[in-house]
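Subject: Structure handover

Hi,

Here is the structure you asked about. Please have a look, then read my notes below.

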Amino acid sequence: MSILEVNHLSVSFKQYTTGLKQIDHKVISSLNVTLEAGEILAVVGASGSGKSILAHAIVGILPSNASIGGVMTYKGEELTPERQKALRGKEIALVPQSVNFLDPLMKVGRQVRTAVRAGDAIEAQRAVFERLRLGREVERMYPFQLSGGMARRTLLSTAMVSGAKVIIADEPTPGLDPVVMKEALDHFREFANQGCAVLLITHDIESALQIADKIAVFYAGTTVEIARVEDFAGQGEALRHPYSKALWRALPQNGFTPIPGSQPHSSALPPGCLFAPRCGMATPECLQAQPDMRELRDGMVRCIHAT
Amino acid sequence: MQLKANKIGFRYENGPWLFRGVNASIEPGEVVGITGPSGRGKTTLCRILASYESPLEGEVTLNGAPLPKKGYHPVQMVLQHPEKAVNARWKMHRILNEGYHPDEEMLDLLGIKQEWLTRWPHELSGGELQRFCVARALGPDTRFLIADEMTTMLDAITQAQIWQAVTEIAQKRKMGIIVVTHESKLMQRLCHRVIEI
C-alpha cells in the first residue's frame, strides 16, 4: 500500500486585485502522486510549477486564502487538516526551501533539538551536525551568522532528527558543496531503505537521478510525466513528454540549449495542454482540452502525441 | 580594465579569519569561476569585489586604481535569491529602471514580457524575477558581473536561457564575469578558468 497518496489535487489562491475584486489563481490542477514506503520520488520542474505548493499542501501549511480540492491519504486514511496538524513534524516532516524558515532569535542548536522526539536531544543534534560537517561552535550561533550552505544543513538536521516516516524535502541541496550534498543525499537513501518514504522536490535533476527511484516532472502546476531514472539518458529519447525532453537537453552537460518562452502564469493558463504554446509537436487538437495522464512504456505521460 | 584583488583578508568582527592573502584577477571578456566548500567565504569575497564590504587587509583595484566610491559601480552583483534582492513594495518597472533604463533589446534578450512590468514581485516566479535582477545589473557602465549562484534556484531551461543572454552581452561588450556555483557541469560549460578558495 502507498504510504502517501495525492489524488486530483488542485490548489487555488484567492487574491484581491483592485478594491474588493477577487480573482482565483489556480496554481495546481489535477495533480496525482503516490509515495511508496522505501521509495524516493523526485519531483523536478520549473520554478513556479507548484512544487513547493504541493509540499505545503501535504503538511497543511498553506495560507488561509488557499482553497484545496482533491483527496490526500496517509497510510490509507484521509489527511484532514486535524490529522495534518497532528502528524506534521512527527510522522511527516518538511525540509522547507527557504532558509527564512529558521527562527532568527533562537540559536540553531536549540532549534534542531526541539524536533527530537525520543532520546537525548543534545546528543541527537550533535550527531547530526557532525554528520553534516557542522562544527561544534555552530550550535551556539544564530541563523544570521550562518552561511547559506550552513543554514540549509541546519534545516536538513531538523528533519533528520525528527524520526518521521515521510520526509518532504523542498529543494534541500542548492548551495551545498559536493561533499555535504552527497552526505545529505545518502541520508535520504538510507532513510528510504529503512522503509520510510521521501518526496524530494528539486530542480537539480542530476542529484535526483543519483538517489531517486522515480521522477515526476512538473509543469505549470501539474505532473506531465512520471519516468524511471534510466529514462534520463542520452538525448532524452526514452523520455515521454516534450517538456521533459527539453528540460533534459537544457542541462549544461547535455547541450545547454534552451527552448524559448516561459511557463504560463497561473492567472493566464492556456485552455488545452499547458505546454502546447511552447511545444513543437502541438496540433489544433492539443488546444481542445488538457490531456489526462496515461500509461506509456512503464511510466505515465500527459500528452496525446507521446509515443 | 583589469579587476584585481591584492592579498585581501577578511573576518567578521573578532571571529576567525575567513580568508587571508587571497589574490585574484580577471580581464575584460573573461569568465572566471570561483569554487570551494560552503562557508569558506565565496560570497564574502564577491561582496568585497563589488564593494559591499571593505577588506580588512589588502585592496581591490580596477585598472590599478581603487574602486570608485560614488556613482554607478562598475562591478555589479546578482545574488542567489531574487525575491530578497528586490523591493517588495515596488512594482517591477520601478525595480527595473532604478539604476538605468534597459532598452527593449535587453528585455527581449532576457525574455522579460511587457505584462510583467506592472506586476508586484510576489506575482512573479523566481526565474522571472531573476531576469529582472540580471537586466538591472547590466547597465552600460557595468564592466564586471558577479553571478553568485545566480541560476542555482532555477530550472535547467531558465538557467540556459539566462546564461545564453548574459554571455552574449558579455562577449559584445567585452565584460568580465565571475561565476560562483557548486554545479561543476555548469562551471565547465561557462568558465575559461576556475579559482579555488
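The notes cover the interface and then the salt bridges.

Please keep in mind that this is a predicted model.

**Interface of chains A and B**

The contact draws on 38 residues from chain A and 34 residues from chain B. About 2600 Å² is buried between the two chains, and carbon and sulfur atoms give 56% of that area. On the chain A side, His203(A), Pro252(A) and Phe256(A) lose the most area to chain B. Together they account for 22% of what that side buries.

One salt bridge crosses the interface of chain A and chain B. Lys185(B) pairs there with Glu206(A), at 2.8 Å from N to O. H5(A) gives the largest share of the chain A side, four residues. By class, that side has 16 nonpolar, 17 polar and five charged residues.

**Salt bridges overall**

The whole structure has 18 salt bridges over all chains.

- Glu139(A) and Arg126(A) meet at 2.8 Å. Glu139(A) sits in the loop between helix H4 and H5 of chain A and Arg126(A) in helix H4, so the pair ties together parts 13 residues apart in sequence. Glu139(A) is buried at 7% relative accessible area, while Arg126(A) is partly exposed at 30%.
- Arg240(A) and Asp231(A) pair at 2.9 Å. Arg240(A) is buried, at 2%, and Asp231(A) is buried, at 2%.
- Lys172(B) and Glu105(B) meet at 3.4 Å. Helix H5 of chain B holds Lys172(B) and helix H3 holds Glu105(B), so the pair ties together parts 67 residues apart in sequence. Both residues are exposed.

Best wishes

Terms used. Residues numbered from 1 in each chain as written. Chains lettered and ligands numbered in written order. Predicted model: local features only at pLDDT ≥ 70, side-chain atom pairs only at ≥ 80, totals over all residues. Heavy atoms only, no water. Contact = heavy atoms within 4.5 Å. Buried area = accessible area lost by both parts, 1.4 Å probe. Salt bridge = Lys/Arg side-chain N within 4 Å of Asp/Glu carboxyl O. Helix = DSSP H or I, 4+ residues; strand = E, 2+ residues; numbered from the N terminus. Nonpolar A, V, L, I, M, F, W, Y, C, P; charged D, E, K, R; others polar. Buried < 20%, exposed > 50% of the residue type's maximum accessible area, 1.4 Å probe, protein only.
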